[in-house]
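Student: I have a new structure to read. Can you walk me through some features?
Tutor: Gladly. Let us look at it together.

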Amino acid sequence: MQERTMAATEIARQAGEGARAVPLSGHVGFDSMPDQLVNKSVNHGFCFNILCVGETGLGKSTLMDTLFNTKFEGEPTQHNQPGVQLKSNTYELQESNVRLKLTVVNTVGFGDQINKEDSYKSIVEFIDAQFEAYLQEELKIKRTLHSYHDTRIHACLYFIAPTGHSLKSLDLVTMKKLDSKVNIIPIIAKSDAISKSELAKFKIKITSELVSNGVQIYQFPTDDETVAEINSTMNGHLPFAVVGSTEEVKIGNKMVRARQYPWGTVQVENENHCDFVKLREMLIRVNMEDLREQTHTRHYELYRRCKLEEMGFKDTDPDSKPFSLQETYEAKRNEFMGELQKKEEEMRQMFVQRVKEKEAELKEAEKELHEKFDRLKKLHQDEKKKLEDKKKSLDDELNGFKQKKTAAELLQSQNQQPGGSATLKKDKERKNFF
Amino acid sequence: MADSVISEIPPTMCLEKPSIDFSYVGIDAILEQMRRKAMKQGFELNIMVVGQSGLGKSTLMNTLFKSKVSRKSFMGTAEEKIPKTIEIKSVSHDIEEKGVRMKLTVIDTPGFGDQINNENCWQPIMKFINDQYEQYLQEEINIDRKKRIPDSRVHCCIYFIPPTGHCLRPLDVEFMRRLSKVVNIVPVIAKADTLTLEERDFFKKKIREELRANGIDVYPQKEFDEDAEDRMINEKIREMIPFAVVGSDQEYQVNGRRLLGRKTKWGTIEVENIAHCEFAYLRDLLIRTHMQNIKDITSSIHYEMYRVCRLNENNTQANGLADHHPASHEI
């Protein structure tokens, strides 16, 4: 009976596979679906994560402040960082009814080291760590994907120093390592340092260097007619030459954001002066959603595929898949934890050993000290005894001498008296005495 | 400058583009971007209709979507033989309205409740629903997976209650009890034009009591209300469930207008008139206001629950693909 039911399902599904287009004879109402979807997203809030890569002092923080029209954080960083670190800050912004959780990640100390070979590594590790966190959440048995705070980097703004000549080799190497992991938008920082003609040449040089080195930067999508035109124009303006400023200057009768020099004022939002408006337009107003989608469907999928293949999974045996995926992942994680624990044990044992040794040493020393002390004490006592003996003998001598003295004095006094018998007596006494 | 910025265009600049306005960043443009993406991608909706034959399931589907979407219209057989077992037949259509494209799949279950012995008649249906979840799970677990996983999961199951006017039958209770755990169930009173308004109210109250007594949670489920506003709206709906509906794909002249209805000797029942039947409420709930919510609950709650069970059970079992019958998910 069950087989017949299954067969019936199969046939019916095949018939339904080629879905037919059916005309509607009235207003059904599902045209409200995009609205329903948008409303749900509004209630949920959005999140967007930008990574700013560039050398210290290129105006990364200022540009973020200018883009999002707020003062974000802290003081400028020093140039003496030992390695490249990534500092990330999350802000809650709101505009009309849209709540955005914006995370700005800054590379601190990029390009400051003498040996920059490993500069890109911490950036790549950071990006991978965000993917890993998402993958872990996705693989969990009990997961909460819809309320997960997505920390994956959606856009990477790469700040190019305005030398006017070409890309630095650090830039090329870093961008090459990042292009398969994140959407890269190269921008020329502090572009008010370059003249217009130099800028055009600079842009061409950069683009050709990127192409010849096979660096894939983010292309604004041109498949949707509404935005195809503006996106393809903007693609031709890459890299954007930007100037950032949060200071306002009075031009004419309005206040604009600008940088004031003795020879003139560079207006941030003037398209003749710099490409800031283009950047804001492309990054936020037109393609924010596409950036998020590309991150999820392209970069994250690539990471996931590589990671799972690395762990030894294949798609070819569908039977054991769902469970071994989770299971083996867990098993491998447990294995790793086990190893960590073993190492911890070893270290602990070594520590205990060392402590014991030290203790023994100290005990030895203590014993020696005690012995020494005992010896000294004994010595001291012997000395004391000797001294006392000597003292005694001296005392005896002194007593003897005193007695003699008394006897002599007595004899002397007796000699002065008349009577010879006394002398005899004295002599006798003297004899008896001696 | 402040974090909470409302985009204003200063009066002197009202003729120029808003981009010149100082304080407008443009974050809310993401709504438009999302809308564009949604329009381009289109939507998918899978509705299952369950009920005895003769309750007007196909007609209701046709009425809901104002076109011949039911299986009968597709297969073209006017005379229907009641099948000996339950069959699951699904038909897909591409419909479009004001630029919004939707792939609608109607899943019919002929043979349900029609046998003499209806024991376990819910099993093929539960198996079908779980198979869709399984298919989605397999695709999601692939290493090399599609950009958009085709969604064939059943978003909503409309259960047709025959208009007896008394109470739910044991079959109804059993079915809804089991299926409300794996799919969103929307119960409707079919062919409600056979009940007077008082009988209707009594019937509805009785049904609601029985649902409560049996712990059956139909859509919109109380536990998934997101906030106070949601709860308020959903409470109103919960007080009206089950909707007493009448379906029709025939138009008649009523008061000078052409309306969908059923013409009888004693009057014409207007399908879309809320004084006559509650079809309009059902349509609004399913299509105009809660469609996205229905899909969300399916994907983030029912599907996740299935996934948890599946992954757990295969972690604890020694051999992976033991016979895990859908019945094992039942309580």
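Student: What is the order of the strands in the open sheet of chain A?
Tutor: First, a caution: this is a predicted model. The open sheet has three strands, in the order E8-E9-E10, and their pairing is antiparallel.

Student: Which strands of chain A stand at the edges of that sheet?
Tutor: Look for strands with a single partner strand. Here they are E8 (248-251) and E10 (264-267) of chain A, so each has one side without a neighbour in the sheet. On average, neighbouring strands here are turned by 65 degrees against each other, direction ignored.

Student: How many bridges join E9 and E10 of chain A?
Tutor: Strand E9 (residues 254-261) pairs with E10(A) over four bridges, in the antiparallel sense. One residue pair to find is A:Ala258 with its bridge partner A:Gln267 in E10(A).

Student: Now a helix. Is A:Gln294 buried or exposed?
Tutor: Compare its relative accessible area with the cut-off: buried means under 20%. A:Gln294 has 16%, so this residue is buried. Its place is in helix H9 (residues 288-310) of chain A.

Student: Which residues is A:Gln294 in contact with, leaving aside neighbours within four places in sequence?
Tutor: A:Gln294 is in contact with A:Asn183, A:Tyr218 and A:His299.

Student: Which residues form a nonpolar patch on the surface?
Tutor: A:Phe336, A:Met337 and A:Leu340 form one, and together they have about 310 Å² of accessible area. Take A:Leu340, which lies in helix H10 (residues 321-415) of chain A. A:Leu340 counts as partly exposed, because its relative accessibility is 43%.

Conventions:
Residues numbered from 1 in each chain as written. Chains lettered and ligands numbered in written order. Predicted model: local features only at pLDDT ≥ 70, side-chain atom pairs only at ≥ 80, totals over all residues. Heavy atoms only, no water. Helix = DSSP H or I, 4+ residues; strand = E, 2+ residues; numbered from the N terminus. Buried < 20%, exposed > 50% of the residue type's maximum accessible area, 1.4 Å probe, protein only. Contact = heavy atoms within 4.5 Å. Pairing = 2+ DSSP bridges. Axes fitted to C-alpha atoms, helices over the stretch in contact; angles between N-to-C directions. Patch = residues over 30% accessible without salt bridge, like charges linked within 9 Å, V, L, I, M, F, W, Y side chains within 5 Å. Areas by Shrake-Rupley, 256 points an atom, 1.4 Å probe, with all protein chains shown as cover. Salt bridge = Lys/Arg side-chain N within 4 Å of Asp/Glu carboxyl O.
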